[in-house]
Amino acid sequence: MSHHPVRRLTAPDGTRASIDVQLVPLIKALWAAGYETIGCCQDLGESAGRVSGRSAAHWKGYVLLEMPVDDACRLLDAVKDTPQFKDRMHWSAPGAWETALPVAPFGLGGEADVLPWAQVHFPADQVGDLTDVIREAG
């Protein structure tokens with residue numbers, strides 16, 4: 001169940017997905033550029049208690065994108081040197097992006113393992129810029 005209003009979209013693989021309305025243009029741009037998404041949230045602080053050991057207050061105003069690791073790396077490489085994002089890729093920068101690789105105690109093979117997707121967190125006020133960069137690159 002989503003904590004935010006959603007819009008149902010058909011993903012490139014033909015499945016239906018509920019996408020938080022503020023992320024619809026970004027998700028469409030990512031799909032059009034050949035990225036796969038697994039999940040998303042337009043404001044993680046409103047939706048979650050603790051994520052990656054941080055409080056909901058830390059994540060207030062942060063978007064979550066979940067993507068296969070290769071796609072997350074490709075996305076980071078695509079934006080890291082753009083004028084809009086080159087100064088936002090450093091841990092100490094205001095509005096910095098954060099990434100995480102989830103580890104599950106009972107991973108896909110039944111043993112603890114790093115899952116095959118990455119979580120990309122960034123401030124929601126950067127969604128428009130990211131959508132534009134992805135569209136321009138595609």
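Q: Where is the place of aspartate 70?
A: Aspartate 70 sits in helix 4. Helices here are DSSP runs of H or I with at least four residues, strands are runs of E with at least two, and both are numbered from the N terminus. The model is predicted, with local features needing pLDDT of at least 70, side-chain atom pairs counting only at pLDDT 80 or more, and totals for chains, interfaces and linings using all residues; residues are numbered from 1 along each chain as its sequence is written. Side-chain values use heavy atoms, with hydrogens and water left out.

Q: Is aspartate 70 buried or exposed?
A: The general idea is a cut-off on relative accessible area: buried is under 20%, exposed is over 50%, and partly exposed is in between (1.4 Å probe, protein chains only). Aspartate 70 has 63% relative accessibility, so aspartate 70 counts as exposed. The C-alpha atoms of aspartate 70 and alanine 118 are 8.6 Å apart in space, although these residues are 48 apart in sequence.

Q: How many helices and strands are in the protein chain?
A: The protein chain has five helices and eight strands. Read from the N terminus, their order is β-β-α-β-α-α-β-α-β-β-β-β-α. Of its 138 residues, 43% count as buried. For contacts, look for heavy atoms within 4.5 Å. Among contacts in the protein chain with a separation of 6 or more, 49% are between residues 24 or more positions apart.

Q: Back to helix 4: which of its residues are buried?
A: They are Asp71, Ala72, Leu75 and Val79. To see how they are arranged, look down the helix axis and take the arc of the directions from that axis to the C-beta atoms. For helix 4 the buried residues fall within an arc of 100°, so they line one face of the helix. Their cover includes helix 1, strand 4, strand 8 and helix 5.

Q: And which residues of helix 5 are buried?
A: Helix 5 covers residues 127-137, and its buried residues are Val127, Leu130, Thr131, Val133 and Ile134. These fall within an arc of 165° seen down the axis, so they too line one face. Arg135 and Glu136 are exposed on the other side of helix 5. The buried residues of helix 5 pack against helix 1, strand 4 (62-68), helix 4 (69-79) and strand 8 (117-123).

Q: What does isoleucine 134 touch?
A: Leaving out residues up to four places away in sequence, isoleucine 134 touches Ala29, Leu30, Ala33, Tyr35 and Leu75. Isoleucine 134 is buried, with a relative accessible area of 3%.

Q: Which residues touch the most other members of the largest nonpolar core?
A: In soluble globular proteins, nonpolar side chains tend to be buried together. A nonpolar core is a set of buried Ala, Val, Leu, Ile, Met, Phe, Trp, Tyr and Cys residues joined through side-chain atoms within 4.5 Å. In the largest one, with 28 residues, Ile19, Leu65, Leu75, Phe122 and Leu130 touch the most other members. Strand 2, helix 1, strand 4, helix 4, strand 8 and helix 5 each give two or more residues to this core, and helix 1 has the largest share, six residues. A second, separate core has five residues, including Cys41, Leu44, Trp59 and Leu64.

Q: Where is glutamine 126 found?
A: Glutamine 126 is in the loop between strand 8 and helix 5. Glutamine 126 is buried, at 2% relative accessible area. Its contacts, apart from neighbours within four places in sequence, are Phe85, Arg88, Gly95 and Trp97.

Q: Which elements give two or more residues to the lining of the largest pocket?
A: On a 1 Å grid over the protein atoms alone, a pocket is an open set of points where a 1.4 Å probe fits, with protein on both sides within 12 Å along at least five of seven lines; lining residues have an atom within 4 Å of a point. The largest pocket is lined by 22 residues, with Ala17, Ile19, Thr37, Ile38 and Gly39 nearest its centre. Strand 2 (16-20), helix 1 (24-32) and strand 3 (39-41) are the elements giving two or more residues to this lining. Strand 2 gives the most, four residues.
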